[in-house]
Amino acid sequence: MKTTMGHTVSVHAASHGNGKGTAAHIGKVVKNRYVLYFVSIVSLLVIWHFSAVIGESSKYMPTPAMVLTELWRIAHENLAGKNLLGHLWSSMHRVLIGFAIGSLVGVPLGLFMALNRYLNALVKPIFDLFKPMPPISWISLAILWFGIGEESKVFIIAIGAFVPALINSYNGIRLVDPALYDAIRMLGANRWQTMIEVTFPAGFPALFAGLQIALSVAWSCVLAAELVSARSGMGFLIILGMTMSNPAMILSGMVVIAITAYLITVVLSNVEKWVCPWKVELPQ
Amino acid sequence: MTDQTTKIECQNLSKIFKQRSGKVQIPVLESISLSVVENEFLVIVGPGQCGKTTLLRIIAGLETPTTGKVFLDGKEVTGPGPDRGMVFQKYTLFPWKTVMGNVEMGLKIGGMSKRQRREVASHYINLVGLQGFEKAYPHQLSGGMKQRVGIARAYANNPKVLLLDEPFGQLDAQTRYLMEQETARIWSVEKKTVIFVTNSIEEAVYLADRIVTLEGKLPGRLKSTYVVNLPRPREHIDKEFLEMRHTITKETELLL
């Protein structure tokens with residue numbers, strides 16, 4: 001809104017035939033954030049296009065237009081019984097189940113570990129041992145245990161989501177400003193009231209951040225799991241593109257994956273604004 | 001001050017902080033005996049790092065003294081409790097609560113019904129001059145306004161004693177003056193027994209019925225007591241005010 005008004009003002013100044021005004025106007029447009037965003041995206045597409053049409057490279061590197069056409073095709077045509085949306089849903093479905101399991105185990109365990117140092121001392125060494133293992137390194141075991149069906153994929157995703165969910169809810173509670181505990185105790189709170197009124201609300205933003213990370217980890221885990229073995233899903237689509245040596249299909253899959261991940265982030269940060277209206281927003 | 005009932009009694013308090021290893025011991029307070037009578041405004045003045053905040057935290061029950069005892073209405077203080085209201089230097093508001101939510105928190109904990117506590121909290125929000133900001137969150141308020149919430153929160157819980165720990169230490173000079181005036185006004189409207197800790201002699205003379213000074217190095221010991229009999233509201237540039245300030249300044253290390 002502000003920018004629009006700024007435009008109107010400078011257009012007026014320019015229309016009075018003031019040369020300096022025109023220069024200032026151009027300067028303003030060039031410095032406008034959204035103009036720069038647009039320039040950035042367009043240059044990427046242009047560079048992409050020309051690097052794809054030079055010589056023989058379009059065999060391996062499709063142009064943006066080819067990717068768009070391919071997207072249109074796989075959105076309407078069935079591949080292995082499902083169109084693009086069907087495959088997207090297959091992946092999403094696995095992510096949601098795995099994410100739910102991982103966070104339903106991780107968050108309460110993290111909370112209990114932060115609140116009880118004996119439990120913490122028992123669980124933390126084991127957790128610290130497992131934490132650095134990339135979730136995808138479980139894939140071979142998961143397939144041996146659960147077969148190549150849904151269970152092994154959900155298992156990988158659950159492990160991937162479990163780790164950040166636990167770490168962040170644990171840290172969220174551990175790092176509550178001790179002065180807030182002083183304040184609530186001075187108001188007469190007992191242990192239970194302290195937990196309800198300070199511990200949980202103060203730890204919540206970190207817990208929620210953990211869920212956000214868990215969901216994005218879950219999304220990358222599903223792709224990795226599907227790349228290894230699947231008959232549906234976005235990872236499967238990419239592998240299909242590879243076996244059919246159709247790079248446009250691979251790139252279409254990648255674009256859809258990126259857009260989905262971006263949408264998940266946008267939705268979650270809006271949910272956060274709704275559940276934590278008190279959180280200070282960082283300037284962009 | 002006609003009422004001379006003793007509210008707070010500190011008997012021979014001392015505090016030694018030990019580091020985890022137990023090898024390094026830092027004596028912070030030594031043989032502090034002090035009493036505060038009902039509705040008295042006591043100001044404890046001392047430079048930074050002289051143990052005055054520790055003394056206040058012992059009275060609050062947030063720290064345990066190494067030796068000595070604190071009594072409130074003749075009963076020994078063994079921990080924090082709603083009979084003492086605390087205002088913190090760093091405001092320490094609950095960021096997830098609105099102004100209303102912060103001010104009514106003590107009453108909520110005490111089990112008061114929602115309608116009743118809204119009423120009480122509104123009264124104190126008005127008293128500190130924050131009407132219209134009930135739904136604001138702390139991060140939307142200026143420092144002075146945050147501390148008004150802190151004062152209202154402590155007042156609303158109707159404590160027997162109000163403890164203020166350098167409450168205006170983080171404010172700029174203008175806001176600080178204003179808040180001192182406001183504190184004097186609020187206190188004159190609703191009398192309370194107050195223990196106020198500061199490093200500003202001027203602030204002390206402006207607010208106090210009685211001033212006690214602490215020595216400038218550790219361990220903190222009581223140095224002198226001054227009774228301030230100036231009429232209220234006080235003026236920073238009155239002759240008697242300046243004389244009082246001068247006397248205290250001469251006898252302390254503080255250059256204020």
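## A walk through chains A and B

Let's start in chain B, where S31(B) sits in strand β2, residues 25-37. What we're looking at is a predicted model, so local features need pLDDT of at least 70 and side-chain atom pairs count only at pLDDT 80 or more, while totals for chains, interfaces and linings use all residues. As for labels, residues are numbered from 1 along each chain as its sequence is written, and chains are lettered from A and ligands numbered from 1 in the order in which they are written.

Back to S31(B): this residue isn't a glycine, yet its phi is positive, at about 35°. Its surroundings hold 13 C-beta neighbours inside 10 Å, so S31(B) counts as partly exposed. The scale behind that word goes like this: 20 or more other C-beta atoms within 10 Å of a residue's own make it buried, 12 or fewer make it exposed, and anything in between is partly exposed, with C-beta atoms placed from the backbone.

E166(B) is another non-glycine with a positive phi, about 40°. You'll find E166(B) in the loop between β7 and α6 (173-189) of chain B. Is it buried or exposed? With 20 C-beta neighbours inside 10 Å, E166(B) counts as buried. For background, most residues other than glycine have a negative phi, and most peptide bonds are trans.

The L218(B) to P219(B) peptide bond is cis, with omega near -5°, and P219(B) lies in the loop between β9 (210-214) and β10 of chain B. The bond from R232(B) to P233(B) is also cis, with omega near -5°; P233(B) belongs to the loop between β10 and α8 (239-251) of chain B.

Now for the sheet. Chain B has an open, mixed sheet of 6 strands in the order β6-β7-β8-β3-β9-β10. At its edges are β6 (84-87) and β10 (222-227) of chain B, each pairing on one side only. From one strand to the next, the twist averages 15°, using axes fitted as lines to C-alpha atoms (for helices, over the stretch in contact) and angles from 0 to 180 degrees between N-to-C directions. Pairing takes at least two DSSP bridges between two strands. β6(B) and β7(B), residues 161-165, run parallel over 4 bridges, and R84(B) stands opposite V161(B) in β7(B).

Finally, chain A is assigned domain 1 (2-62) and domain 2 (74-275), with bounds from an automatic or database domain assignment. The C-alpha centres of these two domains of chain A lie 38 Å apart.

Terms used
Helix = DSSP H or I, 4+ residues; strand = E, 2+ residues; numbered from the N terminus.
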